[in-house]
Every structure is written in structure tokens, then in C-alpha cells.
Amino acid sequence: MNGSSPAVEITGVVRDTSGAPVPGAHVLFTEGPQPLPDIAAVTDTEGRFSLGAPTTGEYTLVCRADPLMGPSGTAEATVRVEPSARAASLRVELTLG
């Protein structure tokens, strides 16, 4: 182990207002407990994404849909990574608004 592995994997799904998964949406951290490098993910065909949180603390996730891939819109969520969640996964759902 090189010490650079994420503390927790944040996984989730992006859906539109009808509940359908949104492919091709960009999900990224906009705030975190420390300065963050450009960490982003693009949702797959079922709207799923995965981001590695580098340390414990509170993170703000923002999702921006690509209007060329489906419905447009944005969504935001706050996720708290607790020390007890180390080496675990957190799940979040984002609904475009």
C-alpha cells in the first residue's frame, strides 16, 4: 500500500425527475475537508458513479448532466465520511433538478 488509496469510496446514481438513470453526467467534488485535486467521475449507462474520498470529513458533490446525453440539470449533495467508514463505501443518490 502506498498511502494514496482513498479512505472511502463514494458510490451512487444520478437520476432525472422521473427516476430514470442519467448516463454521461459529470459528478465532482466542489468542497472537501482539505484542498482537493480535480476528482470527477462520469456516470455509466445506468447513471452510476464512483469517487474516492481521500480522507474523512464533509464533501460537497455536484452533478452536471450533459444535455447531449439526456436531460439537462444539476444536483448537489453533502456527504460526511466518518472515521469509522474507513475502507467502506458510502452511497448517495442525486436527482437532477
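**Group meeting: strands, a ring pair and some salt bridges**

Okay, let's start with arginine 48: its relative accessible area is 42%, so we call it partly exposed. On that scale, buried means under 20% relative accessible area, exposed means over 50%, and partly exposed is what lies in between, with a 1.4 Å probe and protein chains only.

Before I go on, the housekeeping. This is a predicted model, so local features need pLDDT of at least 70 and side-chain atom pairs count only at pLDDT 80 or more, while totals for chains, interfaces and linings use all residues. Residues are numbered from 1 along each chain as its sequence is written, and side-chain values use heavy atoms, with hydrogens and water left out.

Back to arginine 48. What does its side chain meet? There's a salt bridge to aspartate 44, at 2.9 Å from N to O. By salt bridge I mean a side-chain nitrogen of Lys or Arg within 4 Å of a carboxyl oxygen of Asp or Glu. Aspartate 44 has a relative accessible area of 28%, so that one is partly exposed too. Arginine 48 also forms a salt bridge with glutamate 46, where the closest N and O atoms are 3.7 Å apart. Glutamate 46 comes out at 45% relative accessibility, so it counts as partly exposed.

How many salt bridges does a search of the whole structure find? It finds 4. Another one of them joins glutamate 93 and arginine 15, with the closest N and O atoms 3.4 Å apart. That pair links distant parts of the chain: glutamate 93 sits in strand S7 and arginine 15 in strand S1, 78 residues apart. Glutamate 93 is partly exposed at 46%, and arginine 15 is partly exposed at 26%.

Now, the strands themselves. Strands here are DSSP runs (E, at least two residues; helices would be H or I, at least four), numbered from the N terminus. S1 and S7 belong to an open sheet of 3 strands, in the order S4-S1-S7, with mixed pairing. Its edge strands are S4 (48–53) and S7 (89–95), each pairing on one side only. Neighbouring strands in this sheet are turned by 25 degrees against each other on average, direction ignored.

I say two strands pair if DSSP finds at least two bridges between them. S1, residues 8–15, pairs with S4 in the antiparallel sense over 6 bridges, and there valine 8 stands opposite alanine 53.

Next, S2. It's joined to S3 (residues 40–42) by 3 bridges, running antiparallel, with valine 42 as the bridge partner of histidine 26. S2 also pairs with S5, antiparallel again, over 5 bridges; there, glutamate 31 has threonine 60 as its bridge partner.

Last item: the structure holds 1 aromatic pair. Which rings? Phenylalanine 29 and tyrosine 59, tilted, at 5.0 Å centre to centre with 40 degrees between the planes. Phenylalanine 29 lies in S2 (residues 26–31) and tyrosine 59 in S5 (residues 57–64), so the pair ties together parts 30 residues apart in sequence. The criterion: rings of Phe, Tyr and Trp (its six-membered ring) with centres within 6.5 Å; planes under 30 degrees apart are stacked, over 60 edge-to-face, the rest tilted. Both phenylalanine 29 and tyrosine 59 are buried. That's it from me.

Notes: Axes fitted to C-alpha atoms, helices over the stretch in contact; angles between N-to-C directions.
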